[in-house]
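Dear colleague,

I am handing over the structure we spoke about, and I would be grateful if you could look through it with the notes below beside you.

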Amino acid sequence: MLKAWLVINTFTNLDKLKKVYKMLQNSFIEHNINLEIKKAIDIGLDVDLSLSKKPHFVIFWDKDIYLAKRLEQLGCKLFNSSDAIELCDNKILMYQKLQEGKIRIPKTYILPKTFEHLGYTNLSFIKDIVNKIGLPIVIKEAHGSFGYQVYLAKTIKKIKEIINKIGYKDCLIQEFIKESCGRDVRINVVGNKAIISMLRVNNNDFRSNIGIGGKGISFKPKQSFIDLAIKATKLFKLDFAGVDVMFDKNNQPIICELNSNPLFIGTFKVTKVDLSKYIAKYIVNKMK
C-alpha cells in the first residue's frame with residue numbers, strides 16, 4: 001500500500017480548509033491510500049532533516065517553500081512541486097512567469113525593493129505609472145490569500161497611503177480591468193484538463209473572492225478561457241490549480257492569478273463536483 005502525506009500549514013485552522021483536507025482523505029481512501037495529515041512540526045524542523053521512512057508521495061497543501069524544498073531534496077515526490085508553489089505564492093514571480101510565457105495579464109509594474117528600516121522614501125515613480133495605465137489602479141502585496149492583500153486606489157494620494165501602509169513588503173501595481181470589476185471565472189484544472197468552473201460575482205467589492213462576500217455560480221466558460229487557463233498551468237508545471245480568469249472589454253480572457261492549492265469548497269457547493277476525486281485519480285495514475 002502506498003504511504004502518502006497531506007502536508008498542511010502548522011498554524012492555519014480554518015474550517016473551510018479542514019473540509020478540503022477531509023475531502024482529499026476520503027477520495028484517496030477510495031484508492032486504498034491512507035493520506036496522513038502532517039504539519040511542519042510533525043515532520044521536523046532541523047536544517048539537516050532526515051526521514052527514516054519516506055512517503056511514496058506528498059500532497060503539499062501549504063506555502064512553506066522551505067519545507068517543500070527540504071522534502072524534495074530528500075527524494076519525496078510532491079504534488080504540486082516546490083517550484084510551482086513558489087511561483088504561485090509570490091505574485092511578482094507569478095506575473096513575471098506569465099509574461100515570459102506570453103500569457104495575457106493586466107499591465108503590471110513591480111515596485112522597487114526597499115527595506116524595513118527605510119520604507120518608500122521616494123514615490124515619484126507613481127505618477128509615471130498612473131500616466132500609463134490611468135486610475136483607479138490595483139495594488140497587490142507579493143504574498144497574500146483570499147484577496148485580503150489586494151487594494152483598489154482611486155487617487156494618487158490613496159496609492160501612496162496604501163504603499164506606505166504596506167511598508168517594506170514587496171508589492172506591485174496593476175491596471176484595473178473595469179469590465180471584470182467584482183467578477184471572474186475560477187477554472188479548476190487537474191492534469192492539464194479543465195474539470196469544473198464557476199463564475200464568482202461580488203456586487204459590493206472589486207474583488208470576487210467568496211471569502212470576502214463573493215457568490216459562486218455554476219458556469220461554463222468559453223473555450224478561449226479554458227485554453228488560456230490550461231496554457232498557464234502547463235507553463236507552471238502544475239499538477240492541479242485553481243486559475244482565476246478575468247473578462248476584458250471584448251469579453252476575452254485575462255489571467256488574474258493561479259492558485260497551487262485551490263480552496264475548492266466554493267466550487268463544490270455550487271456544482272456538486274468534488275475536485276478531490278479528480279486529484280486523487282490523477283495522482284494515483286502518476287504513481288503507477
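I begin with helix α8, which is followed by lysine 237, a residue whose phi is positive, near 55 degrees. Please keep in mind throughout that this is a predicted model. The helix itself comprises 14 residues (223-236), which at 1.5 Å a residue should span 20 Å, and this agrees with its end C-alpha atoms, which are 20 Å apart. Its buried residues are Phe225, Ile226, Leu228, Ala229, Ile230, Ala232, Thr233 and Phe236, and the elements that cover them include the helices α4 (82-89) and α5 (91-100) as well as the strands β9 (183-190), β10 (193-201), β12 (240-247) and β13 (253-259).

Of these neighbours, α5 packs against α8 at an angle of about 110 degrees, with the two axes 10 Å apart. That angle makes α5 roughly perpendicular to α8, and the contact is made by Met94, Lys97 and Leu98 on the α5 side and by Ala232, Leu235 and Phe236 on the α8 side.

With β10 it pairs in the antiparallel sense over 8 bridges, in which valine 185 stands opposite leucine 199 and isoleucine 187 has serine 197 as its bridge partner. The hairpin of β9 and β10 has 2 residues between the strands, and there glycine 191 takes a positive phi near 55 degrees. To β12, β9 is joined by 6 bridges, again with the strands running antiparallel, and here the bridge partner of valine 190 is phenylalanine 240.

The antiparallel pairing of β5 with β8 (residues 171-175) extends over 3 bridges, and in it tyrosine 109 stands opposite isoleucine 173.

Which residues does isoleucine 173 touch, if those up to four places away in sequence are not counted? They are Lys107, Thr108, Tyr109, Leu111, Ile126, Ile129, Ile133, Ile137, Val138, Ile139, Ile159 and Ile163. With a relative accessible area of 2%, isoleucine 173 is buried. Between isoleucine 173 and valine 138 there are 35 residues of separation in sequence, yet their C-alpha atoms are 5.7 Å apart in space.

Lysine 38, in strand β2 (residues 34-38), may also interest you, since this lysine is buried, with a relative accessible area of 16%. Leaving aside residues up to four places away in sequence, lysine 38 touches Trp5, Leu6, Val7, Ile8 and Ile43.

Finally, there is the matter of the cysteines, for which the count of disulfides comes to 0. The sulfur of cysteine 88 has its closest cysteine sulfur in cysteine 256, at 12 Å, which is too far for a bond. For cysteine 256, in turn, the closest cysteine sulfur is that of cysteine 181, 12 Å away and likewise too far for a bond. Cysteine 88 is buried, with a relative accessible area of 8%, and cysteine 256 also counts as buried, at 13% relative accessibility.

Methods
Residues are numbered from 1 along each chain as its sequence is written. This is a predicted model: local features need pLDDT of at least 70, side-chain atom pairs count only at pLDDT 80 or more; totals for chains, interfaces and linings use all residues. Side-chain values use heavy atoms; hydrogens and water are left out. Two strands pair if DSSP finds at least two bridges between them. Helices (H or I, at least four residues) and strands (E, at least two) are DSSP runs, numbered from the N terminus. Buried means under 20% relative accessible area, exposed over 50%, partly exposed in between (1.4 Å probe, protein chains only). Contact means heavy atoms within 4.5 Å. The expected span of a helix is 1.5 Å times one less than its number of residues. A disulfide is a pair of cysteine sulfur atoms within 2.5 Å. Axes are lines fitted to C-alpha atoms, for helices over the stretch in contact, and angles run from 0 to 180 degrees between N-to-C directions. Angles under 35 degrees count as roughly parallel, over 145 as roughly antiparallel, 65 to 115 as roughly perpendicular and the rest as oblique.
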